[in-house]
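Subject: The structure, and some notes on it

Hi,

Here is the structure I promised to pass on. Have a look at it first, and then read on for my notes.

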Number of protein chains: 2
Amino acid sequence: MTGRAGERADAPTVLAVDIGGTKIAAAVVDGDGRIVADRRTPTLAQESPEVLWKALADLLDAVHADAGAPPLAGVGVGCVGPMTWPDGEVSPLNVPAWRRFPLRRRLRERYPGLPVRVHNDAVCVAVGEHWRGAGRGRDNVLGMVVSTGVGGGLVLGGRLVDGASGNAGHVGHIVVEPDGPPCPCGGRGCLEAVASGPSLVRWARERGWRPDDPDATSADLAADARAGHRVAAAALRRAGRAVGVALASAVHLCDLDTAVIGGGVSQVGAPLFDAAGETLDAHARMDFARRLRVVPTALGQASGLIGAAALVLAGDRYWAAD
Amino acid sequence: MTGRAGERADAPTVLAVDIGGTKIAAAVVDGDGRIVADRRTPTLAQESPEVLWKALADLLDAVHADAGAPPLAGVGVGCVGPMTWPDGEVSPLNVPAWRRFPLRRRLRERYPGLPVRVHNDAVCVAVGEHWRGAGRGRDNVLGMVVSTGVGGGLVLGGRLVDGASGNAGHVGHIVVEPDGPPCPCGGRGCLEAVASGPSLVRWARERGWRPDDPDATSADLAADARAGHRVAAAALRRAGRAVGVALASAVHLCDLDTAVIGGGVSQVGAPLFDAAGETLDAHARMDFARRLRVVPTALGQASGLIGAAALVLAGDRYWAAD
């Protein structure tokens, strides 16, 4: 087990947490961004605030013990939004247990004297991929997570962009069809309203896709597309085109060099990436925009944890608050 | 004449230049961003590179003399793109006289030892409005110029965003209609393809607007809209809606607090701003996005010159190169 804190007393070691709607992952991460130990537990979304808090606290204790209880340099957390930033009062979508739950304050009380930093989970994916993944060494990177929702984070000039209230990177609400379908955000024609897993499945069902499983997901859709189902394939191409339109808008506004795409829906691979690339190519014609590289995430499911760790371990680039 | 360098020897004074397709404006600007003297001359767009260069050099000498020939702290230039950045080799659209003209190098040779900084003209408008205009005191500002083209500049975290190649802020190429009209950039459905002056006029003509003047512009269109011409009014609303869609995408991606809109087409005022505001309101529903303020430029035609001056006078915020 390389990089273990006990073996390198000078290397800072942090606790990293990734809080999603269905599971919480926690890890001990060393100063090089390597995961020394990790564990996960279901998100007790329907329980009381304190039951969920205790599950998180127990998880942190367990993973810290797994790693040999090294001294800690801080705690970094990615959590499903919405939240207030940088205060870290979280009201995660699909987790009614926590509404304005003072996650950052509670963690500070539990780890007195240590930096505790909380940011949006998709922001942490973007940070992780910039710090140690597919965006490493690039200064202008958009990270995008296409999943149950569509989120992201924006790194410009080598630093995380927070915007006025920590909400920069909401790439899922770039408008890709002004008269398009309604979006959970209350708007219309957002990327998320077209390309999220549930949006994809709904669109395909409305056009005659009839999976056996009533709870079929975008993974089933992708399988049917591979098996030659016309509507399923069209749904993935449509999502890819929407991603391409959003990337065209983003590259023109921000002069990005790299877009890193992850999340469950992106696992379908070529059908999504090819359509995104073709659409981007049709809309981004100026030299600078044509230089955008579009790549899948390199860290897989770990990028959110690595990014949460980077909020502490590379705070000069990824944490502008406090 | 307050702020004149001769009266305040401690205040830095700079030459500021705004190079457009039809005219070049130059000014002496004091350390507070006040224009001490200014002049303009036609852009000799069809002449040889050296004839245009001499016209610029003469203009700079004249305006410097007007101001009492104060000692200079630098030269800041906004120029129509495209250009290489930060090298400042310019190939301004509609100015065939200069193709890869080494403007920054030539100015450095003329003003040895002084900082010479060249950026896109619309970026300078955004910088000017952030430094001393309608975006002053805000940290996350998009400046937009709606005119013959649609350009802009982006300030995030209080600093100008350059992006990978100095091209950040190309707001005119945010996609507002994926299947929309072709754009001069080679793409399709860009904001510029819908909302620029020539795009507006073309759309209205195709739908029955018949101005007496064959060279009628968006100003004539606005006048006819005020006089009750249905198609003219619809053209302005369409442009405003496109601006609103672009702003919705930008606020979600960058978490802006302020958008400042200037340029000739924006002079039509309410018909454009009202439609933009209504469309933004329909697409930007999350709390953070609803906080975006959309305001007209405050410095009028001077914002480009003030911004060019700020490249030197406030380089810590607006000039990341060298």
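To begin with a question: how many bridges join strand β9 (residues 150-156) of chain A to β10(A), and do the two run parallel or antiparallel? There are 2 bridges, and the strands run antiparallel. Within that pairing, Leu156(A) has Arg159(A) of β10(A) as its bridge partner. Please keep in mind throughout that this is a predicted model.

That pair belongs to an open sheet of 5 strands in chain A, ordered β10-β9-β8-β11-β12, with mixed pairing. The edges are taken by β10 (159-160) and β12 (293-296) of chain A; each has a single partner strand, so one side of each is left without a neighbour in the sheet.

Strand β1 (residues 13-19) of chain B is antiparallel to β2(B), and 7 bridges join them. The link between β1(B) and β2(B) is a hairpin through 3 residues.

Strand β2 (residues 23-30) of chain B is mostly covered, with 7 of its 8 residues buried.

Is Val29(A) buried or exposed? Its relative accessible area is 0%, so Val29(A) counts as buried, the cut-off being under 20%. Leaving aside residues up to four places away in sequence, Val29(A) touches Pro12(A), Thr13(A), Val14(A), Ala16(A), Arg34(A), Ile35(A), Ala309(A) and Leu313(A). One of these deserves a distance: the C-alpha atoms of Val29(A) and Ala16(A) are separated by 6.7 Å, with the two residues 13 apart along the chain.

Now for the helices. In chain A, helix α5 (residues 197-206) packs against helix α7 (residues 230-254) at an angle of about 140 degrees, and their axes are 9 Å apart. α5(A) and α7(A) are therefore oblique to each other, and their crossing is right-handed. On the α5(A) side the contact is made by Leu200(A), Trp203(A) and Ala204(A), while α7(A) contributes Val231(A), Ala234(A), Ala235(A), Leu236(A), Arg238(A) and Ala239(A). By type, the residues of this contact between α5(A) and α7(A) come to 8 nonpolar, no polar and 1 charged.

α7(A) also takes part in a contact between the chains. What angle does α7(A) make with helix α7 (residues 230-254) of chain B? The angle is about 75 degrees, with the axes 11 Å apart, which means that α7(A) is roughly perpendicular to α7(B). The residues involved are Ala250(A), Leu253(A) and Cys254(A) of α7(A), together with Ala250(B), Leu253(B) and Cys254(B) of α7(B). This contact of α7(A) with α7(B) has 6 nonpolar residues, no polar and no charged.

Best wishes

Note on methods. Residues are numbered from 1 along each chain as its sequence is written. Chains are lettered from A and ligands numbered from 1 in the order in which they are written. This is a predicted model: local features need pLDDT of at least 70, side-chain atom pairs count only at pLDDT 80 or more; totals for chains, interfaces and linings use all residues. Side-chain values use heavy atoms; hydrogens and water are left out. Axes are lines fitted to C-alpha atoms, for helices over the stretch in contact, and angles run from 0 to 180 degrees between N-to-C directions. Helices (H or I, at least four residues) and strands (E, at least two) are DSSP runs, numbered from the N terminus. Angles under 35 degrees count as roughly parallel, over 145 as roughly antiparallel, 65 to 115 as roughly perpendicular and the rest as oblique. A crossing is left-handed if the near helix is turned anticlockwise from the far one by less than a right angle, and right-handed if clockwise. Contact means heavy atoms within 4.5 Å. Ala, Val, Leu, Ile, Met, Phe, Trp, Tyr, Cys and Pro count as nonpolar, Asp, Glu, Lys and Arg as charged, and the others, Gly among them, as polar. Buried means under 20% relative accessible area, exposed over 50%, partly exposed in between (1.4 Å probe, protein chains only). Two strands pair if DSSP finds at least two bridges between them.
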